[in-house]
Amino acid sequence: MRSQIKLTGRVIFKGDPGYDSARKNWDPHTDRFPKVFVFAQKTQDVVNAIRWARANKVPIRPRSGRHALETNLSQVNGGIVIDTSNLKSIKLNKKCGTAVVGTGNRVGRLVDKLARQGYMAPFGDSPSVGIGGITPGGGIGPLQRTTGLISDNLIGLEMVDAKGRVIRATKKRHSDLLWASRGGGGGNFGVYTKYKFKVRRAPEKATVFTVTWPWKQFVKVVKAWQRWAPFTSTKLGSELTVGPKKGGNVSMLGIYLGSKKEAIHFLEPILSVGTPTKVIKYLPYLEATKYMLAPDPILTQKFSNQFSSGFGRRPFPDKAFKPMREFLEKAEGGTPAGFFFLNWGGAIKRKSPRATAFYWRDPQYYVEWNSSWVKPSHAARNIALARNTRKKLQPYIVGSYINVPDQGIKCSGPVYYGKNYARLRKVKAKYDPKNVFQNPQSIPPA
Ligand SMILES: Cc1cc2nc3c(=O)[nH]c(=O)nc-3n(C[C@H](O)[C@H](O)[C@H](O)COP(=O)(O)OP(=O)(O)OC[C@H]3O[C@@H](n4cnc5c(N)ncnc54)[C@H](O)[C@@H]3O)c2cc1C
C-alpha cells in the first residue's frame, strides 16, 4: 500500500522537467539516476521527505552543494535526494558574535555576506562547496590556523532525524550529536537544516599571494614547503599544488592576516627556493577573499576525479618522492590532477583530538592527490592510479579526511576518525539505530 505522506517543497521525479540538471554534480563521475529530488523550502519539507522515504522504503541521500568527491554519497540510483540548497538564510548576530545559517548556503556566499559586514568565516579553496556538506566533515582551508576548522566554529545545529523529528543540538542539549557533527561527516546522522557558527571580526585588510615554480622544481619546493609552512606564523595559510608533469607547474596560493611587509618576511624561506614567479597583494579583506575563492561553477565542470587524502606527521622522506613523481608522470595532462598540501598547526592543534569528532589535529600538514579525466573510458585506470599511489604513500601518511574520501580504503572508520570512531558509532546508534542514513563508508551504529 502506498503511503499517505506527501512530498512537499520543490519535487522533481525522474522524467519531470528539471530532472537532468537536478542530477548534475560538480564531479560528473558521481552523477546517478535517483527516483526523486526534493528541494526543501523549509524544515517541514525535510520531515515529510524522510517520512515518505521510510514509508516507501526508498534510500535517502542528503545533499547541499553537490561537491561530493566520491560516488553514492549525495545521490543514489532509485533513491530520494533531500536537497537543502534552497535553505539560504544567513542571520548574523553581531552582539553575540554568531551566525545562524541555512545549510543550503555555499561557502563563498557565506564568506561574502559576512565579510561585507566586517566578519570572517573560514573557507577552503572553492566558493561553490556547500556549507551543508563541508561543515560536518571538518572544513579545512587557509584560515584554519587562526580560526580552526569550519566545524570548530559550529556551536549549534538543527537536524531532522530518521524518524522525521526535528532536533536542535547545542553544547547543553544533544551535545553528543553536536560533538559528532563536528568532524563525523555528512550523511550519517540525519539531514541538517541549520548551523549556528561562532564568528569573529575580520581584519580591515589582508595579504594574498600566488607563487609559481616550473614543474621540474617540485621536489625541492615540496621539501622546503614541508619544513617551512607548518612552522611559520599561524596567521599564514598556504595551499601548495603540484600539477601533472604534462603541462603542470608548482603553485602556492595563500593568505596572511597582516601587512605585505610582514608577509614577505614570513614567505622568505620559500621564496628563496628555485626560481619562483610571485604576485603579492595587500587588499581590503573582502577583496582578499575573492582572490582566494576563484569562481568554480558546478554544472559546467567537466572533469571527473579520484581523490585520496591523508596527513603528514613529518616531512616526506626522499623515498616518498618516487611514488609522487610516478603519479604526476602518469596523471593526464590538461586536467586538474595533482598533489595538494595545506599547512596544519595553530588553532587546529590547540584542540584535543577527542574534543570534537575531527581527530587528525597533530599532523604538520594535510595532503591529497587526485587523478582526473573526461572520457568515461579513462575512469578505471585513473581510479587505479590514485588508489595505488595511496598504497605506496601509506608509510608516510596517517589517516584520511572524510570530506575527501576514497572508497578504495578498506575498514575506513579508524582511518577517517582515529580513536573517535567508537564514540561516533555510539552516537549513530542513538540518533539513527536502524542505519537509515547510510552510504558506502558511513558510520554503522554500535
Ligand atoms: C572543487 C572542490 C573543492 C573542495 N575544497 C575543499 C576545501 O578547500 N576544504 C574542504 O574542507 N573540503 C573541500 N572540498 C570537499 C568538500 O568539503 C566535500 O566534498 C563536501 O562534502 C561537499 O559538501 P557539499 O554540500 O558541497 O556536497 P554534497 O555532494 O551536497 O554532499 C556531500 C556529502 O555531505 C552530505 N550532506 C550534504 N548536505 C547535507 C545536509 N544538509 N545534511 C546532512 N548531510 C549532508 C551528503 O549526504 C554527502 O555525504 C572540496 C570539494 C570540491 C569538489
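**Labels and their criteria**

Student: Which residue of β2 is the bridge partner of Arg10?

Tutor: In β2, Arg10 has Phe39 as its bridge partner. Keep in mind that this is a predicted model, where local features need pLDDT of at least 70, side-chain atom pairs count only at pLDDT 80 or more, and totals for chains, interfaces and linings use all residues. Numbering starts from 1 along each chain as its sequence is written.

Student: What makes β1 and β2 a pair?

Tutor: Strands here are DSSP runs of E with at least two residues, helices are runs of H or I with at least four, and both are numbered from the N terminus. Two strands pair if DSSP finds at least two bridges between them. β1 and β2 (residues 36-39) have four, in the antiparallel sense, so they qualify as a pair.

Student: Why are β1 and β3 said to stand at the edges?

Tutor: The open sheet has four strands in the order β1-β2-β4-β3, with mixed pairing. β1 (10-13) and β3 (60-63) each have a single partner strand, so one side of each lacks a neighbour in the sheet. Direction ignored, neighbouring strands of this sheet are turned by 15° against each other on average.

Student: How do you know that α2 packs on the sheet, and what angle does its direction make with that of β4?

Tutor: Contact means C-beta atoms, placed from the backbone, within 7 Å. α2 touches β2, β3 and β4 (80-83). The angle with β4 is about 165°; axes are lines fitted to C-alpha atoms, for helices over the stretch in contact, and angles run from 0 to 180 degrees between N-to-C directions.

Student: What about the seven-strand sheet: which strands are at its edges?

Tutor: That open sheet runs β15-β12-β14-β13-β17-β18-β16, with antiparallel pairing. Its edge strands are β15 (277-284) and β16 (304-312), each pairing on one side only. Within this sheet, seven bridges join β13 (residues 236-242) to β14 (residues 249-256), and Glu239 has Leu253 in β14 as its bridge partner.

Student: Why is Ile402 called buried?

Tutor: A residue is buried if 20 or more other C-beta atoms lie within 10 Å of its own, exposed if 12 or fewer, and partly exposed in between. Ile402 has 27 such neighbours, so the label is buried. Ile402 is in the loop between α12 (379-393) and α13 (413-417), and touches Gly137, Gly185 and Tyr416, leaving out residues up to four places away in sequence.

Student: What is in the largest nonpolar core?

Tutor: Such a core is a set of buried Ala, Val, Leu, Ile, Met, Phe, Trp, Tyr and Cys residues joined through C-beta atoms within 7 Å. The largest has 121 residues, and Ile50 is one of those with the most contacts inside it. Helix α2 (residues 43-55) gives the largest share, six residues. Beyond four places in sequence, Ile50 is in contact with Ile60, Val160, Ala162, Gly164 and Val191.

Student: How many residues of domain 2 and domain 3 are in contact?

Tutor: The bounds come from an automatic or database domain assignment, which gives domain 2 as 90-202 + 421-431 and domain 3 as 205-396. 30 residues of domain 2 are in contact with 29 of domain 3. Over C-alpha atoms, the centres of the two are separated by 24 Å.

Conventions: Contact = placed C-beta atoms within 7 Å.
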